[in-house]
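Reader: Could you please take me through this structure step by step? I am new to the subject.

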Amino acid sequence: MVSHLLFFNTDLTLLRGFCLSVGLQIAARDYDFSQVSPFEVHDVIGIRPLVKQVQPKSLDAMELVEAARITLEQGRIDHSLELLSDALHVVHHVYGPLNAQTAACYALMAALMHYAGDDKRALLNQKLALLIRERVLGLDHDETAHSYASLGLFYLNMAQVDKAIEYFKRAFLLSRLSSGDCAPAEVNLCTNIAMILQDAKQFEAALAFITHARDTIVKLGAQESIVEADTLHGMAVLNGILERVDEARTLQQQCIGTLTKLVGEEDPRTAQAKKWLTQLNRVVEARERNAAIGKSLSFLSFHNGLESN
């Protein structure tokens, strides 16, 4: 499953983008892109006109949504929920139930309820947003992928890890299909999947995803950033658990160097990264002492202590 996700054929992304740009509809089958001419004439099953249009927006709904955001910033969650409910009512009457604006309103309701700690209602509203986006925007739209990722987050908060990881993987696959192999959303998706896999003790798979997140950061030209430092630390932790101490040290030193350059040596994040590296070295020394007297010591047994200190 990991190789299927991480080594996705980007030719499909190019083909999808071309078809959407020119209005071409082709048969759904397994195309062999290694051939010079992977397509046949009968693969084209339709040509549809592309119409440019401006989606009208409801001024009343927009004002209600903006007011809900302002009240949320003020900490008035109940009043914000009332305003969003009114906005949803207006959107239903202006656009109807199957519209992208209606889905966006449901998604905002879900996010607000998630913030308020009501994960069950958040889950219900997010599922409605996903259902509408699948029907209106399509199964492979980037907004649909975002809805899957949000559902994964809600299930994770409800401690339903298996469902969460399936939704995250689905979001990752759709993101690759719609945006290619270097979309900014991939960084967060890969990081979330890696964290879940790490908690499930699937360390090799977790390392593959967190490494892909780092590779995506490099492709996007976002090296020497806080996001990359966090990713480097995650890679160091997983390499340490997998007994690859040299790689763990190198990655953590890179993390420290990035943090020092960005926020300085006195910043708590830099100090915490240095402390983790010091503790890693102590674990290695303890392993060597125990090996000398014939006892085995796993890095994993120290992992919780390393992260909590």
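Reader: What should I know about the model and its numbering before we start?

Author: This is a predicted model, in which local features need pLDDT of at least 70, side-chain atom pairs count only at pLDDT 80 or more, and totals for chains, interfaces and linings use all residues. Residues are numbered from 1 along each chain as its sequence is written, and side-chain values use heavy atoms, with hydrogens and water left out.

Reader: How many helices and strands does the protein chain have?

Author: The protein chain has 14 helices and two strands. Helices (H or I, at least four residues) and strands (E, at least two) are DSSP runs, numbered from the N terminus.

Reader: And what share of the residues counts as buried?

Author: Of the 309 residues in the protein chain, 40% are buried. Buried means under 20% relative accessible area, exposed over 50%, and partly exposed in between (1.4 Å probe, protein chains only).

Reader: Which residues have the most contacts inside the largest nonpolar core?

Author: They are Leu-197 and Phe-209, in a core of 62 residues. Helix 5 (residues 100-115) gives the most to this core, namely eight residues. A nonpolar core is a set of buried Ala, Val, Leu, Ile, Met, Phe, Trp, Tyr and Cys residues joined through side-chain atoms within 4.5 Å.

Reader: What does Leu-197 touch?

Author: Not counting residues up to four places away in sequence, Leu-197 touches Ile-165, Gln-202, Ala-205, Ala-206 and Phe-209. Contact means heavy atoms within 4.5 Å.

Reader: Let us turn to helix pairs. At what angle do the axes of helix 5 and helix 6 cross?

Author: The axes of helix 5 and helix 6 (residues 119-136) cross at roughly 160 degrees and come within 8 Å. Axes are lines fitted to C-alpha atoms, for helices over the stretch in contact, and angles run from 0 to 180 degrees between N-to-C directions. Helix 5 and helix 6 are therefore roughly antiparallel to each other, a label for angles over 145 degrees, with under 35 counted as roughly parallel, 65 to 115 as roughly perpendicular and the rest as oblique.

Reader: How do helix 7 and helix 8 cross?

Author: The axes of helix 7 and helix 8 come within 8 Å and cross at roughly 160 degrees. Helix 7 and helix 8 are therefore roughly antiparallel to each other. Among the residues making the contact are Tyr-148 and Leu-156 of helix 7 and Phe-168 and Leu-174 of helix 8.

Reader: New topic: what is the phi of Ala-159?

Author: Phi of Ala-159 is near 65 degrees, a positive value in a residue other than glycine. Most residues other than glycine have a negative phi. Ala-159 is in the loop between helix 7 (142-157) and helix 8 (161-179), and with a relative accessible area of 61% Ala-159 is exposed.

Reader: And Glu-243, what is its phi?

Author: Phi of Glu-243 is near 70 degrees, again a positive value in a residue other than glycine. Glu-243 is found in the loop between helix 11 and helix 12 (245-263). At 35% relative accessibility, Glu-243 counts as partly exposed.

Reader: Last one: is Thr-231 buried or exposed?

Author: Thr-231 counts as buried because its relative accessibility is 3%. Thr-231 lies in helix 11 (residues 226-241). Leaving aside neighbours within four places in sequence, Thr-231 is in contact with Ile-210, Ala-213, Arg-214 and Ile-217.
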